Amino acid sequence: MNYDLLFDRADKTTVEVAVIGVKGFDHSLIVYGSRNDRISIRVVCGRNVERCREAYRHIGVAPDMIEHCKSYEQGIKAFKAGKHLIFDDTLLAMRMPFDVVVEGTGNPEASAAHALAAIENRKHVIMVTKESDSVVGPLLARKAREQGCILSLAEGDQPSLLVGLITWVRAAGLTMLSAGKSSEYDFVYDVQRQSMTVLDKTVSIPDFDKVWNLGEDVAATLGRRSEILSAFGQRALPDLTEMGIVCNHVPELNPDVPAFHCPVARTVEIPDIMCPQQNGGILAGSPRIDVVNCLRRTDEQSLEGGVYVVVACDDEETWQVLLEKGVPVNRSRSAALIYYPAHYLGFETVFSILSIGLLGLPTGTFDPQPRYDLVARTSASLRRGSVLQAQGHHHTIEGVEGLLLPAEPIGSNRQLPYYLADGTTLKQDVEPGTYLTEDMLEVPAESM
């Protein structure tokens, strides 16, 4: 695809963008999006006004062209004067005359309020906050359509990248057996030291050479690897959250098991593992969605939280040629790996902005359906009066795990989507293995 041609418009339209949050993902969007002459980022929202001001200074905005706006009238006047606006009142900012807002707070409650306010003001929304998208994404998308605007996934995050790769596979005429993503952090094996490192944690594992190769019994090897690497977490809540969102955008995809298999696997092994059992893999059927923990040596390329689709090798000549060119094909020559080996976070989101602003198309689907819920199940005993709060980098609730199950209506004695539990208080004691339901929780009156 030629992106210059794809986004070329004779009228040279500039897409006006608001960004909610200035750290991490949004930081790279602000830096690189400001270099695209089809994008103008002149509305930034955040509780820390000085940090927002610094984000503008970082991209070369003169101090006298930055204004902290506290009223609608002040904001409109500053916008018309060509200034760069800062709002610590995000709901007020949604009334400004921009085209697209990128919601990247990561806060389930706040992001839902921000997205709804944007839609009610007929703004397109790019949803980076997967925590709220996993609960109300399809509902917000419907509300957006009713207002004549779009709710989109964010290119640069795995849900949008995977939907894109799946649609590429469809357009190419290939048959999908499975799809998924690599977890965020690789399992890096040091052959010389006989140790494994994940992030800043290193563990000595002298027996790992015995399971480096997949072996004839795929499931047994994966089980042994998991056991040897039990000191490391092998399931991460954000991965299930993101893949649940993909299920809502791709109706033929289903989890094989609610907690996912999450094998520790080398990239070249994915087509051997993530294919149906009759093809030598571990899946009960197809097409299935899952997550892989990328296993590699210190001198090998990372999968970098990338996305993949395993396809059927249903034309012998085609796949023989591709095998000779180095495409990963499984041992039974029945499945092959198509993959995008990275996700580049915020600066890829410019493609969502341009797609919506210039083409009127989301990087996802127009009509996601609430097919799967990431549901909340206790992994520890929790006492009455405990406040359930999503915290930390992965936005997890202590003592509560997530599982991907077919969606059900919300109500008493029914499974509760994980992030609906955020900010609630337990009305009773609960034991490990309990699915949280609405009647167990005291919900704040002001909750979205």
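The entries below go from aromatic rings to helices, then to the backbone and one lysine.

**Entry 1: before starting**
I noted that this is a predicted model.

**Entry 2: aromatic pairs**
I began with the rings, and the structure holds eight aromatic pairs. I looked up Tyr 3 with Phe 7: the ring centres lie 6.2 Å apart and the planes meet at 35°, so I logged the pair as tilted. How buried or exposed are the two partners? Tyr 3 is partly exposed, at a relative accessible area of 44%, while Phe 7 is buried, at 8%.

My next pair was Phe 187 with Phe 232, which is edge-to-face, with 5.7 Å from centre to centre and 70° between the planes. Where do these two sit? Phe 187 belongs to strand E9 (residues 187-190), and Phe 232 to the loop between helix H9 (218-228) and helix H10 (237-249). The pair therefore ties together parts that are 45 residues apart in sequence. I found both Phe 187 and Phe 232 buried.

Tyr 3, Phe 7 and Phe 351 are linked by ring pairs into a cluster.

**Entry 3: charges over rings**
Which charged residues sit over rings? I wrote down Arg 95, which lies over the face of Tyr 72 at 4.4 Å from the ring centre. I also wrote down Lys 123, whose charged end is over the ring of Phe 98, 4.9 Å from the centre.

**Entry 4: helices H6 and H7**
I then turned to helix H6 (residues 108-120) and helix H7 (residues 130-146). Their axes are 10 Å apart and the packing angle is about 10°, so H6 is roughly parallel to H7. On the H6 side, I listed Pro 108, Ser 111, Ala 112, Ala 115, Leu 116 and Ile 119 in the contact. H7 brings Glu 131, Ser 132, Val 136, Leu 140, Lys 143 and Ala 144. Sorted by class, this contact has eight nonpolar, two polar and two charged residues.

**Entry 5: backbone checks**
A reminder to myself: most residues other than glycine have a negative phi, and most peptide bonds are trans. With that in mind, I looked up the bond from Ser 286 to Pro 287, which is cis, with omega near -5°. Pro 287 is in the loop between helix H11 (270-273) and strand E14 (288-297).

Leu 199 is not a glycine, yet has a positive phi of about 55°. I placed Leu 199 in the loop between strand E10 (195-198) and strand E11 (201-204), and Leu 199 is exposed, at a relative accessible area of 57%. His 395, not a glycine either, also has a positive phi of about 55°. The loop holding His 395 runs between strand E19 (390-391) and strand E20 (396-397).

**Entry 6: around Lys 83**
What does Lys 83 touch? Leaving out residues up to four places away in sequence, I got Arg 42, Asp 64, Met 65, Glu 67 and Ala 78. Lys 83 is in the loop between helix H4 (72-80) and strand E4 (84-87) and is partly exposed, with a relative accessible area of 23%. I also noted that the C-alpha atoms of Lys 83 and Ile 66 are separated by 5.8 Å, although these residues are 17 apart along the chain.

Technical notes
Residues numbered from 1 in each chain as written. Predicted model: local features only at pLDDT ≥ 70, side-chain atom pairs only at ≥ 80, totals over all residues. Heavy atoms only, no water. Phe/Tyr/Trp six-rings, centres within 6.5 Å; stacked < 30°, edge-to-face > 60°. Buried < 20%, exposed > 50% of the residue type's maximum accessible area, 1.4 Å probe, protein only. Helix = DSSP H or I, 4+ residues; strand = E, 2+ residues; numbered from the N terminus. Lys NZ or Arg CZ within 6 Å of the ring centre and 35° of its normal. Axes fitted to C-alpha atoms, helices over the stretch in contact; angles between N-to-C directions. Parallel < 35°, antiparallel > 145°, perpendicular 65-115°, else oblique. Contact = heavy atoms within 4.5 Å. Nonpolar A, V, L, I, M, F, W, Y, C, P; charged D, E, K, R; others polar.
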